[in-house]
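Here is a quick tour for anyone opening this entry for the first time. Keep the view at hand and look up each residue as it comes along.

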Amino acid sequence: MNLLFLGDVVGSHGCSFVASKINEIKREYNIDIVVINGENSADGNGITPQSAKSLFNLGADVITTGNHCFRRREIMPLYDEKNCLIRPANFPEGNAGKGVCVYDMGSAKIAVINLMGTLYLEAIDNPFSVIDRLLEEIDTPNIFIDFHAEATSEKKSMGQYLAGRVTAVLGTHTHVQTADEVILSDHTAYITDAGMCGAELSVLGVKSELAIKKQRFHCPVRFAESNNPAFINGVVVAFDEKCGKAYNIKRLLIR
């Protein structure tokens, strides 16, 4: 089977560009399941019911999120209504939603787990302890992790920690695609960051002049999405659904 994973989609501009290209990508790579990180899919940051609907409509089977998962309060009920919309599993119990989606394709079940790092981000539950507990509960060998983390070292550590235990560990959050895709322990596909889908000539999808002003003067700035030409970052993971072993990971950069 082939799984398409797209890095953080930024705003309506990113959603529109993904919508215009995704069918072509699915045909070219014979995609069976699509997972998209949508935590920045709403204009102005976060995810809303409207932006989640846009991602589902364009072909997302599962939507993952990250540290902005609860930024927009209107999304909260949807986490409990949609099993295929997930937030980091290591947020404390009592929050809306859950961190795992087991997607039943008939011939195979695909588990998608969302985790968030803690280095330079919020001090939530330890992702290493949480994933150990979750792996004991999941009854399919096909396990894909979206590890939403800031620090390269934390992502590398998680990849090595789960090598041979899961099908893939795919990093998100920094919006900058890394060139270190690899198969670990002859089993687990890994990339430190899948990148983003949105305006290429921007600062993480934001208008460059606004990001520069914020960093130069350290004053409050209302960010706005850049409308410069967009690109798509992501990966295609080929795996044996009978045993959960990944045998290829291909990095995508589509302008």
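Keep in mind that the model is predicted.

Let's begin with L55, which sits in helix α2, a stretch that runs over residues 49–58. Is L55 buried or exposed? With a relative accessible area of 0%, L55 is buried, because anything under 20% falls in that class.

Who are its partners? Setting aside neighbours within four places in sequence, L55 touches V9, C15, I36, G38, S41, A60 and I63.

## Two helices side by side

Next, turn to α4 and α5. In general, a packed pair of helices is described by the angle between the axes and the distance between them. Here the axes of α4 and α5 lie 11 Å apart, at an angle of about 30 degrees. Angles under 35 degrees count as roughly parallel, so α4 and α5 are roughly parallel to each other. The crossing of α4 with α5 is right-handed.

Which residues make the contact between α4 and α5? From α4 come P127, F128, I131, D132 and L135, and they meet E154, S157, M158, Y161 and L162 of α5. Sorted by type, the residues of this contact are 7 nonpolar, 1 polar and 2 charged.

## Salt bridges across the chain

As a general point, side chains of opposite charge can pair when their charged atoms come close. How many salt bridges does the count come to? The count is 7, and three of them are worth a visit here.

One of them joins R165 and D132, with 2.8 Å from N to O. This pair links distant parts of the chain, 33 residues apart: R165 is in the loop between α5 (152–162) and β8 (168–172), while D132 belongs to helix α4, residues 127–137. D132 also turns up in the contact of α4 with α5. Both ends are partly exposed: R165 has a relative accessible area of 34%, and D132 has 24%.

Another salt bridge brings D180 and K156 together at 2.9 Å, N to O. D180 lies in the loop between β8 and β9 (182–184) and K156 in helix α5, so the pair ties together parts that are 24 residues apart in sequence. K156 is partly exposed, at a relative accessible area of 37%.

The loop between β8 and β9 also holds E181, whose partner R251 is in strand β13, residues 245–254, so this pair ties together parts that are 70 residues apart in sequence. The side chains of E181 and R251 meet at 2.9 Å, N to O. E181 is partly exposed, with 26% relative accessible area, and R251 is partly exposed as well, at 31%.

## A buried serine in a loop

Last stop: S226, in the loop between α6 (208–217) and β12 (230–240). How much relative accessible area does S226 have? The value is 3%, so S226 counts as buried.

Leaving out neighbours within four places in sequence, S226 is in contact with H13, A199, L201, S202, G205, V206 and K207.

Notes:
Residues are numbered from 1 along each chain as its sequence is written. This is a predicted model: local features need pLDDT of at least 70, side-chain atom pairs count only at pLDDT 80 or more; totals for chains, interfaces and linings use all residues. Side-chain values use heavy atoms; hydrogens and water are left out. Helices (H or I, at least four residues) and strands (E, at least two) are DSSP runs, numbered from the N terminus. Buried means under 20% relative accessible area, exposed over 50%, partly exposed in between (1.4 Å probe, protein chains only). Contact means heavy atoms within 4.5 Å. A salt bridge is a side-chain nitrogen of Lys or Arg within 4 Å of a carboxyl oxygen of Asp or Glu. Axes are lines fitted to C-alpha atoms, for helices over the stretch in contact, and angles run from 0 to 180 degrees between N-to-C directions. Angles under 35 degrees count as roughly parallel, over 145 as roughly antiparallel, 65 to 115 as roughly perpendicular and the rest as oblique. A crossing is left-handed if the near helix is turned anticlockwise from the far one by less than a right angle, and right-handed if clockwise. Ala, Val, Leu, Ile, Met, Phe, Trp, Tyr, Cys and Pro count as nonpolar, Asp, Glu, Lys and Arg as charged, and the others, Gly among them, as polar.
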